[in-house]
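The sequence and structure come before them.

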Amino acid sequence: MSHSGDTRFAALFVACLLALQAASAEQAQDILKASGVQGGLVVHLGCGDGKLTAALRASESFIVHGLDADPSNVATARKHIQSTGLYGVVSVEQWAGDRLPYVDNLVNLIVANDLGKLPMDEALRVLTPRGVALIGGKKTVKPWPKQIDDWTHYLHGPDNNAVARDSVVDIPRSIQWVAEPRWGRSHEELASMSAAVTAQGRIFYIEDEAPLASIRYLADWKLVARDAFNGTLLWKHPITSWVDHLRQFRSGPAHLPRRLVAVGDRVYVTPNLAGPVLALDAATGQTVCEYKGTERTEEILAENGSLYLAVGTSEVERTGGGLFQRGEPAPSGFRFITAVEAASAKPLWKKDFSKDEFFLPLTLAVKGSHLRSNSRC
């Protein structure tokens with residue numbers, strides 16, 4: 001064959017390879033769209049040559065594990081995945097049997113042409129609540145147990161009653177997953193985690209991700225979202241300014257854990273100390289809504305489709321000279337409670353407080369149509 005013939009053959013081979021990869025990517029998108037799964041751990045049973053397995057990692061929010069009984073398929077799949085640079089977040093293992101190699105409630109999506117001798121009960125065992133098995137195009141969703149409760153606010157719910165309606169919680173007997181960082185930055189300064197809530201199988205927390213080598217490194221605060229059952233990193237959102245991390249242990253403001261709320265498919269957060277409240281998509285972290293007029297919000301409560309916000313500085317007599325020079329805004333000259341519609345951002349009402357009439361942090365509570373806060377004069 002001539003040199004020109006070799007070149008044409010190579011070009012044709014590359015074109016065919018790209019076409020196959022495009023077909024796998026399109027098939028993967030169809031599978032993910034049909035399943036409704038937007039992130040987490042995906043298991044591909046009967047992974048074959050690994051092309052679809054690799055394509056199922058449609059974004060950085062996915063980890064994919066392929067299983068196949070044929071060792072030659074496993075070798076071929078590994079070679080393909082390694083060629084894409086994805087091996088690690090996508091991996092393949094030889095497996096054959098009637099029990100899957102996962103703990104209970106770990107997998108978000110199982111994809112297979114058929115289960116073979118694997119019983120559906122075994123697939124459901126390893127699926128997370130609301131996890132999906134897509135077998136031969138047929139979708140099966142594992143129901144959410146009534147015994148598992150969400151923890152949507154700092155004190156469980158907007159009513160400040162820190163008692164969960166969860167009967168599954170028990171004495172810890174094993175570790176479901178581990179994620180970095182494993183240690184806080186210091187035990188003498190401000191805690192590395194400011195807030196944590198859960199909703200619909202996801203956990204959200206605000207954490208300082210600066211290097212652990214020295215507390216003198218500037219803080220690097222992030223809002224982090226993970227799958228609560230397997231720890232898969234779903235997304236991160238920057239917290240552009242936060243409380244000075246060199247405050248002494250337990251001397252941080254009481255309002256920090258009240259700046260994060262998760263309800264259903266929405267996360268409500270103040271992305272910095274001075275900015276307005278944002279609504280983020282819980283699955284992707286994309287901003288859905290910015291609530292105008294809510295700048296300097298310190299506490300967020302969500303109830304019956306409305307947000308109840310405590311706005312303005314609560315630390316009117318804060319100690320620690322020069323803190324504002326290290327990133328904290330100066331105290332506000334106002335303090336009020338306001339309510340807005342969560343979906344439309346429409347203001348509902350507002351109550352101002354004078355300097356002589358001050359409501360205390362962590363006392364705002366909502367239940368049904370009643371709102372209450374302790375105050376001092």
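Q: Which residues make the nonpolar surface patch of about 250 Å²?
A: This is a predicted model, in which local features need pLDDT of at least 70, side-chain atom pairs count only at pLDDT 80 or more, and totals for chains, interfaces and linings use all residues. Residues are numbered from 1 along each chain as its sequence is written, and side-chain values use heavy atoms, without hydrogens and water. A patch of this kind takes nonpolar side chains (Val, Leu, Ile, Met, Phe, Trp, Tyr) joined within 5 Å, from residues with over 30% relative accessible area and no salt bridge. The patch is made by Leu348, Trp349 and Leu371.

Q: What is the relative accessible area of leucine 371?
A: Leucine 371 is found in strand β21 (residues 370–372); strands are DSSP runs of E, at least two residues, numbered from the N terminus. Buried means under 20% relative accessible area, exposed over 50%, and partly exposed in between (1.4 Å probe, protein chains only). Leucine 371 is partly exposed, at 31%.

Q: How far from arginine 202 is the nearest side chain of opposite charge?
A: Arginine 202 is found in strand β8. Leaving aside neighbours within four places in sequence, arginine 202 is in contact (heavy atoms within 4.5 Å) with Val197, Arg226, Ala228, Leu234, Ala282 and Ala283. Arginine 202 is buried yet has no salt bridge (a side-chain nitrogen of Lys or Arg within 4 Å of a carboxyl oxygen of Asp or Glu). The nearest side chain of opposite charge, aspartate 281, lies at 6.2 Å.

How values were computed: Helices (H or I, at least four residues) and strands (E, at least two) are DSSP runs, numbered from the N terminus. Lys and Arg count as positive and Asp and Glu as negative; His and the chain ends are not counted. Patches are made of residues with over 30% relative accessible area and no salt bridge: like charges are joined within 9 Å, nonpolar side chains (Val, Leu, Ile, Met, Phe, Trp, Tyr) within 5 Å. Accessible areas come from the Shrake-Rupley method with a 1.4 Å probe; for residues, only the protein chains shown count as cover.
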